[in-house]
Amino acid sequence: MPLTFTLDPAVTTELRDGIIDLWADVTNAGGAVGFVPPVTREQIRPELTRQLVAMEEKRSRLLVGHDEDGRVAATVFLTFNTHRLMTHWIWLYTVMVHPSHQGKGYGRDLMAAAERAARGFDGIEAIRLGCRGGMGLERFYASCGYKEVGRVPGAIRVAPGDERDDITMLLPLT
């Protein structure tokens with residue numbers, strides 16, 4: 001069954017809990033979404049709160065994919081630039097698909113839904129995202145049409161002695 005995507009869903013306790021559960025499950029399965037395993041729900045909560053504040057301030061929008069049982073199965077935050085010279089592109093942050101759904105094409109579906117959403121935003125000409133090297137993520141994003149446009153070697157320190165490249169990917173919309 002395909003996911004059902006919603007842009008700007010109502011932020012309920014159920015949605016918040018679903019995102020925190022997803023974020024913890026993705027991280028603890030080895031996903032590169034801003035934390036290093038093991039992580040707890042309580043460690044994630046402040047970061048989600050920051051994202052929700054950005055949404056309230058209209059600096060970010062949320063795209064959520066629900067599975068057939070109505071559970072949060074995928075998310076991405078689409079974040080606007082506040083710098084006056086960069087308002088023509090957005091960032092994608094915290095691109096996540098629940099580990100139990102990986103391998104079903106849901107990641108590609110999420111990226112396509114994010115692209116469709118961004119194409120509906122006035123004045124947006126491109127999408128950028130950053131990903132952690134050493135995990136093959138850049139190959140996945142390239143398969144979704146993104147091009148690698150920058151790489152900073154060793155910029156992400158996962159653990160002492162475990163530095164990864166910070167890779168910037170771009171998808172032009174024009």
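Here are legends for a handful of close-up views of this predicted model. Residues count from 1 along each chain as its sequence is written, and side-chain values rest on heavy atoms, with hydrogens and water left out. Since the model is predicted, local features need pLDDT of at least 70 and side-chain atom pairs count only at pLDDT 80 or more, while totals for chains, interfaces and linings use all residues.

**View 1. The annotated span, residues 5-174.** An unreviewed UniProt entry labels this stretch "domain: N-acetyltransferase"; such annotations may be inferred rather than shown by experiment, and the positions follow the numbering used here, with feature names shortened. The span is 31% helix and 35% strand, and its end C-alpha atoms sit 23 Å apart. Helices (H or I, at least four residues) and strands (E, at least two) are DSSP runs, numbered from the N terminus.

**View 2. The largest nonpolar core, with 28 residues.** A nonpolar core here is a set of buried Ala, Val, Leu, Ile, Met, Phe, Trp, Tyr and Cys residues joined through side-chain atoms within 4.5 Å; buried means under 20% relative accessible area, exposed over 50%, and partly exposed in between (1.4 Å probe, protein chains only). Leu-78, Leu-92, Ile-127, Leu-129 and Tyr-146 touch the most other members. Two or more residues each come from β3 (72-80), β4 (89-97), α3 (106-119), β5 (126-132) and β7 (162-172). The top contributor is α3, with seven residues. Apart from this core lies another one of 19 residues, including Leu-15, Ile-19, Val-33 and Phe-35.

**View 3. Ile-127 and its neighbours.** Leaving aside residues up to four places away in sequence, Ile-127 has contacts (heavy atoms within 4.5 Å) with, among others, Ile-90, Leu-92, Ala-114, Tyr-146 and Met-169.

**View 4. Trp-23 against Phe-35, an aromatic pair.** Rings of Phe, Tyr and Trp (its six-membered ring) pair if their centres lie within 6.5 Å; planes under 30 degrees apart count as stacked, over 60 as edge-to-face and the rest as tilted. The whole structure has six such pairs. This one is edge-to-face, at 5.9 Å centre to centre and 75 degrees between the planes. Trp-23 is in helix α1 (residues 13-28) and Phe-35 in the loop between α1 and α2 (41-56), so the pair ties together parts 12 residues apart in sequence. Trp-23 is buried at 1% relative accessibility, and Phe-35 is buried at 19%.

**View 5. Phe-80 and Phe-121, a tilted pair.** Their centres are 5.3 Å apart, with 45 degrees between the planes. Phe-80 belongs to strand β3 and Phe-121 to the loop between α3 and β5, 41 residues apart.
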